[in-house]
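This report looks at how parts of one protein chain pack together. Read it with the structure open.

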Amino acid sequence: MEKLSRNQLGAASNTWESFLRVYSRLNREFIADGSFGDLPMREYDILYALSRAADSLTQSELLDKVVLSQPALSRMLKRMEEQGLIERCRHGVDGRASLFSLTQAGREIQRVVGRAHGVAVAERLHSRLSDEEVDQLGTLCRKLLTVGD
């Protein structure tokens with residue numbers, strides 16, 4: 001990688017700080033507007049990740065899809081399993097690993113909360129950005145996610 005200029009370093013630092021502040025502010029707004037209902041936002045993240053998966057996911061795969069530490073994810077998966085939102089089964093190939101999937105109750109909660117949250121996200125983004133800017137932001141975020149893949 002080439003040496004970055006002082007301007008590039010400053011711009012990257014400012015962009016990163018703005019990105020984190022936007023993420024934090026929007027999450028606070030989503031919690032405040034009640035679109036998650038009684039479901040904690042982090043639990044919704046897990047339900048959402050499992051709903052988007054073509055098949056059951058291992059804990060490692062889930063860790064790549066949510067913003068949680070490994071210990072926090074372990075505790076949350078256990079709690080959600082006890083609540084009947086997700087189910088755990090043994091991995092067919094790796095006996096040490098578990099696979100996680102949604103139960104019918106978890107799927108229903110994800111759909112209900114997902115509709116409300118989807119509207120809240122769309123309202124927030126489109127009240128502050130043009131349609132083109134929303135598309136550009138999505139493109140840039142997906143590009144950052146593919147770096148290193």
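A nonpolar core is a set of buried Ala, Val, Leu, Ile, Met, Phe, Trp, Tyr and Cys residues joined through side-chain atoms within 4.5 Å. The model described here is predicted.

**The core**

In this model the largest nonpolar core has 25 residues. Ile46, Leu50, Leu62 and Ile86 are the residues with the most contacts inside it. At least two core residues come from each of α1 (6–32), α2, α4, β3 (98–102) and α5 (104–128). Helix α2 supplies the largest share, six residues. In general, nonpolar side chains in soluble globular proteins tend to be buried together.

What does Leu62 touch, leaving aside its neighbours within four places in sequence? Leu62 is in contact with Ile46, Ala49, Leu50, Leu57, Leu73, Leu77 and Phe100.

**Helices α2 and α4**

Helix α2 covers residues 41–52 and helix α4 covers residues 70–82. Their axes come within 11 Å and cross at roughly 80°. Angles of 65 to 115 degrees count as roughly perpendicular, so α2 is roughly perpendicular to α4. On the α2 side of the contact are Arg42, Glu43, Ile46 and Leu47, which meet Leu73, Met76, Leu77, Arg79 and Met80 in α4. The residues of this contact divide into six nonpolar, no polar and three charged.

**Cysteines**

The structure holds zero disulfides. A disulfide is a covalent bond between the sulfur atoms of two cysteines. The table gives the accessibility of Cys89 and Cys141.

| Residue | Relative accessibility | Class |
|---|---|---|
| Cys89 | 39% | partly exposed |
| Cys141 | 28% | partly exposed |

Methods
Residues are numbered from 1 along each chain as its sequence is written. This is a predicted model: local features need pLDDT of at least 70, side-chain atom pairs count only at pLDDT 80 or more; totals for chains, interfaces and linings use all residues. Side-chain values use heavy atoms; hydrogens and water are left out. Axes are lines fitted to C-alpha atoms, for helices over the stretch in contact, and angles run from 0 to 180 degrees between N-to-C directions. Helices (H or I, at least four residues) and strands (E, at least two) are DSSP runs, numbered from the N terminus. Angles under 35 degrees count as roughly parallel, over 145 as roughly antiparallel, 65 to 115 as roughly perpendicular and the rest as oblique. Contact means heavy atoms within 4.5 Å. Ala, Val, Leu, Ile, Met, Phe, Trp, Tyr, Cys and Pro count as nonpolar, Asp, Glu, Lys and Arg as charged, and the others, Gly among them, as polar. Buried means under 20% relative accessible area, exposed over 50%, partly exposed in between (1.4 Å probe, protein chains only). A disulfide is a pair of cysteine sulfur atoms within 2.5 Å.
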